[in-house]
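Please keep the sequence and the model in view while reading.

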Amino acid sequence: MEDKDLLSYPTSSIKNKLKRKEIYTKQKKLKTKAKLQKRKRNKIEAERLGEECKKKVAKTQDNTKEKDETVVDPEDEEIKGEEDFDEFSEILKGEKEPKVIITSSYKPTKIMYDFILEFLRVIPRSVYYQRKNHEIKKIVEECSTKGFTDIIIINEDSKSLNAMTHIHLPYGPTAYYKLSSVKLSKDIPNCGRPINVKPEVILNNFGPDWDNVLQGCSVPSLALALISKGAE
């Protein structure tokens, strides 16, 4: 069988498995060879015409999208000036210590308590507040008068952790985060014991779309303000 006929031969019609695999492998090699020959011919033709042989760049969503004029430049002087006097500036400059309350939704289950226990180890100077039947409004008022800087409320549905509300005191902002695929340290194979080191918050290199969203919004400052004074 000639190469031309072999390339167009339908392998699905071959009942013998070994023969079908043999024909498929030959077809694959022939296709690869044909691609290399085509590239070589194109390069020779471009050189003959005196054109520079340029490698084609695949079009992607990132390199073809138009520049969004509404995206905030993180180096903008006006934005930097506002950050020096916003609601997080005292903590991020190290002038004030964060003081965090962590609580739950109504009727928490064991997985909630286990998660909060691990969260308390992550957030320095954080304390647990038993929710009972207290409304969020009452919790905010009481924590504000006692000098707390942030409230974190963990929510669960059908014994599954699904969300977290973060309130910065006394006047906000408030963020709502979805939780998914939560795994406790005890469920991670070969997980070591936690050590007393300063935690880190990773908020970059998640892709251009996510990085653009974070620029000019309060999410990074909210997260950093939880950790400690002078956090980065």
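Is Tyr113 buried, partly exposed or exposed? With a relative accessible area of 38%, Tyr113 is partly exposed, where buried means under 20% relative accessible area, exposed over 50% and partly exposed in between, for a 1.4 Å probe and protein chains only.

## Basis of the report

The model is predicted, and local features therefore need pLDDT of at least 70, side-chain atom pairs count only at pLDDT 80 or more, and totals for chains, interfaces and linings use all residues. Residues are numbered from 1 along each chain as its sequence is written, and side-chain values use heavy atoms, with hydrogens and water left out.

## Overall fold

The chain has nine helices and five strands, and along the sequence these follow the pattern α-α-α-α-α-β-α-β-α-β-β-β-α-α. Helices (H or I, at least four residues) and strands (E, at least two) are DSSP runs, numbered from the N terminus.

Of the 232 residues of the chain, 26% count as buried. The accessible surface comes to about 17900 Å², of which 52% belongs to carbon and sulfur atoms; such areas come from the Shrake-Rupley method with a 1.4 Å probe, and for residues only the protein chains shown count as cover. Among the contacts in the chain with a separation of 6 or more, 58% are accounted for by residues 24 or more positions apart, a contact being heavy atoms within 4.5 Å.

## Aromatic pairs

A search of the whole structure finds two aromatic pairs. Rings of Phe, Tyr and Trp (its six-membered ring) pair if their centres lie within 6.5 Å, and planes under 30 degrees apart count as stacked, over 60 as edge-to-face and the rest as tilted. The rings of Tyr113 and Tyr128 have centres 6.3 Å apart and planes at 75°, so this pair is edge-to-face. Because Tyr113 lies in helix H6 and Tyr128 in strand E2 (residues 126–128), the pair ties together parts that are 15 residues apart in sequence. Tyr128, at 31% relative accessibility, counts as partly exposed.

In the pair formed by Phe115 and Phe119, the ring centres are 5.6 Å apart and the planes stand at 15°, so the pair is stacked. These two residues are four apart in helix H6, and are thus separated by about one helical turn. An α-helix has 3.6 residues a turn, so residues three or four places apart point the same way. Phe115 counts as buried at 13% relative accessibility, and Phe119 counts as buried at 15%.

## Helix H6 and its surroundings

Helix H6 has 13 residues and reaches 19 Å from its first C-alpha to its last, close to the 18 Å expected at 1.5 Å a residue; the expected span is 1.5 Å times one less than the number of residues. Met112, Asp114, Phe115, Ile116 and Phe119 are buried in H6, and the buried residues of this helix pack against strand E1 (100–104), E2, strand E3 (150–157) and strand E4 (160–168).

What does Asp114 touch, not counting residues up to four places away in sequence? Asp114 touches Leu184 and Lys186, and its side chain is joined to that of Lys186 by a polar contact of 3.3 Å. A polar contact is a pair of N or O atoms within 3.5 Å; within protein, one must be able to donate a hydrogen and the other to accept it, and residues adjacent in sequence count only if both atoms are side-chain atoms.

## Charges over rings

The charged end of Lys99 sits over the ring of Phe148, 4.5 Å from its centre, while Arg131 lies over the face of Tyr106, at 4.3 Å from the ring centre. The criterion is that NZ of Lys or CZ of Arg is within 6 Å of the ring centre and within 35 degrees of the ring normal.

## Backbone geometry

Most residues other than glycine have a negative phi, and most peptide bonds are trans. A cis peptide bond, with omega of about 5°, joins Leu169 and Pro170, and another, with omega of about 10°, joins Gly172 and Pro173. Pro170 lies in the loop between E4 and strand E5 (174–178), and Pro173 also lies in the loop between E4 and E5.

Lys107, although not a glycine, has a positive phi of about 50°; this residue is found in the loop between E1 and H6 and is exposed, with a relative accessible area of 78%. Lys132 likewise has a positive phi of about 50°, is found in the loop between E2 and helix H7 (136–145), and counts as exposed at 54% relative accessibility.
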